[in-house]
Amino acid sequence: MKVALISPEYYDIAHFGVKRKEIPPFGVLYLAAVIEQKGVEVTLYRVSNEKFSLKLQDFDIVGFSISSSVTYSILKKVRDNSQFKEQALLIAGGIHTTIFPEDVINDLNVDIACVGEGENTIVEILEAYFERNFDTIDGIVYREKLSGKIVYTSKRKLIEDLDKIPFPARHLLPLDEIVMNDRLSDTNLPIAHILCSRGCPYSCNFCANQEHGIRYRTGANIRKELEFLIENYGIKGFCITDDNFIVDKKRIEDICNEITPLKLKWSSLSRVNTVDKELLNKLKQSGCIEIKYGIESGSPRILKLMNKRITIDQIRNAISLTHDIGIRVKAFILHGFPGENMETTKETIQLLEELKEKIDRISLFRFVPLPGSPVYNEAEKYDLSIPRNFEEIFIYNNERKWWGTKEEQEELECAYKMLEDYVRNNWEKY
């Protein structure tokens, strides 16, 4: 048996228009690792708007990884312009497939849509390949061949022990997508990206995260992966790309204890309400040199509308403690959530001005209603204009106006430009 996995290759437009490759496609890399563990050959194809015609006649199973809605049109082009084996089993997975499984089945004309975590699901699909009996496989949606009926199987249980999942199949990527030199704070160290947990216990209204819980790998398992990356790729640091890494204090301490002897520099994301002085000291001792905080806004009203569940005082406290301990601070700001105006934007600028000397870098994003997020799912409540073309839903610097009257939109645009100018004028590196 031979399996082909199709993953979009695109550049995130971050930091005010600078295009660059970001995080490796971990979803498809973990699937590839599980498939290889079963002794099955895997080939990974990276596709784009310029590379969309593939010859796939040699593959028994072809999987489309739809990691975000913005890549959906790319994969439709691949499906329409590539050649497949006549009896090939076509499957799709990823966050977009999880949210819109029937649309994916109909638009891409695939046999199976995988919903949720795919590592155990893909193994069962491999085992069912010859008989094509899928009704006992949890976590999928498929179309019956004879009746054409769409069938939903039982929900797939989450993988409780993440240590059982093999390390991602990074060897399927080119070296420059495994090791990068300009991703860790203000350093040029060769680094890799890793995932240490899955899920987030919070429910911010702008976030498309589908799993409101958090599971961690053990510190020993993470250390083993880092030792592999040191030995095979010569890394000197790493970036943790979890949705929200610093949540469970005991788990974080276990991880810190394991990785401290490796003497690597690293960074991660965190909320401002999950850190304290003791934990921050532990992070610094283990090599953490930067924490990225999702501040989002300096307006209490906007934070409440976002269901962010943090206060301005918590923002002040976390940033001040982190700075004083000697860990660099990066702040994420999300502008334009429904209800944003000139007044709330000035509150954000006021808070940034107050903390200016303690914030090293800023990433400024415009609000986009991400598919799967509460605000997207309740578009009428927020008076949002949701497009049918998913390609318009792009999280980085999207200038589309999603809500409000003409006057409100004009005010919002002026407010954003004011905030953007303020950030540009005060942070050399953003």
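Predicted model: local features only at pLDDT ≥ 70, side-chain atom pairs only at ≥ 80, totals over all residues.
User: Okay, helices. At what angle do α6 and α7 pack?
Analyst: About 40 degrees, with the axes 8 Å apart. Helix α6 covers residues 219-233 and helix α7 covers 249-259. Helices here are DSSP runs (H or I, at least four residues), strands are runs of E of at least two, and both are numbered from the N terminus. The axes are lines fitted to C-alpha atoms, for helices over the stretch in contact, and angles run from 0 to 180 degrees between N-to-C directions.

User: So what do you call α6 and α7 relative to each other?
Analyst: They're oblique to each other. The cut-offs go like this: under 35 degrees is roughly parallel, over 145 roughly antiparallel, 65 to 115 roughly perpendicular, and the rest oblique.

User: Which residues meet there?
Analyst: From α6 you have G219, A220, I222, R223 and L226, and they meet D254, I255, E258 and I259 of α7. Contact means heavy atoms within 4.5 Å. Sorted by class, that contact has five nonpolar, one polar and three charged residues. For the classes, Ala, Val, Leu, Ile, Met, Phe, Trp, Tyr, Cys and Pro are nonpolar, Asp, Glu, Lys and Arg are charged, and the others, Gly among them, are polar.

User: And how do α11 and α13 cross?
Analyst: Their axes come within 9 Å and cross at roughly 10 degrees, with α13 being residues 406-426. That makes α11 roughly parallel to α13. The contact has eight nonpolar, two polar and three charged residues. Among the residues that meet are M342, I349 and L352 in α11 and C414, M418 and Y422 in α13.

User: What about α2 and α4, how far apart are the axes?
Analyst: 10 Å, at an angle of about 35 degrees. Y72, L75, K76 and R79 in α2 meet D103, V104, D107 and L108 in α4. This contact has four nonpolar, no polar and four charged residues.

User: Switching topic: how many residues are in the largest nonpolar core?
Analyst: 83, and the ones with the most contacts inside it are L226, L283, Y293 and I315. A nonpolar core is a set of buried Ala, Val, Leu, Ile, Met, Phe, Trp, Tyr and Cys residues joined through side-chain atoms within 4.5 Å. Apart from that core lies another, of 23 residues, including L54, V62, V78 and L108.

User: What does L283 touch?
Analyst: Leaving out residues up to four places away in sequence, L283 touches I246, I252, C256, W266, C288, I291 and I327.

User: And L280, is that one buried or exposed?
Analyst: L280 is buried, with a relative accessible area of 0%. Buried means under 20% relative accessible area, exposed over 50%, and partly exposed in between (1.4 Å probe, protein chains only). L280 lies in helix α8, residues 277-285. Setting aside residues up to four places away in sequence, L280 touches V275, I291, Y293, L321, T322, I325 and I327.

User: Where's Y30?
Analyst: In helix α1, residues 26-37. Y30 counts as buried, at 7% relative accessibility. The C-alpha atoms of Y30 and F167 are 137 residues apart along the chain and separated by 6.7 Å. F167 is also one of the residues in contact with Y30.

User: Where does E340 sit, and is E340 buried or exposed?
Analyst: E340 is in the loop between β18 (328-335) and α11 (342-354). E340 is buried, with a relative accessible area of 4%. Leaving aside neighbours within four places in sequence, E340 is in contact with I302, L334, H335, T345, W403 and L412.

User: Last one: what's phi at N109 and N307?
Analyst: Phi of N109 is near 50 degrees, a positive value in a residue other than glycine. N307 isn't a glycine either, and has a positive phi of about 60 degrees. N109 lies in the loop between α4 (101-108) and β9 (112-114), while N307 is in the loop between α9 (300-305) and α10 (312-325). N109 is exposed, at 53% relative accessible area, and N307 is partly exposed, at 29%.

Terms used. Residues numbered from 1 in each chain as written. Heavy atoms only, no water.
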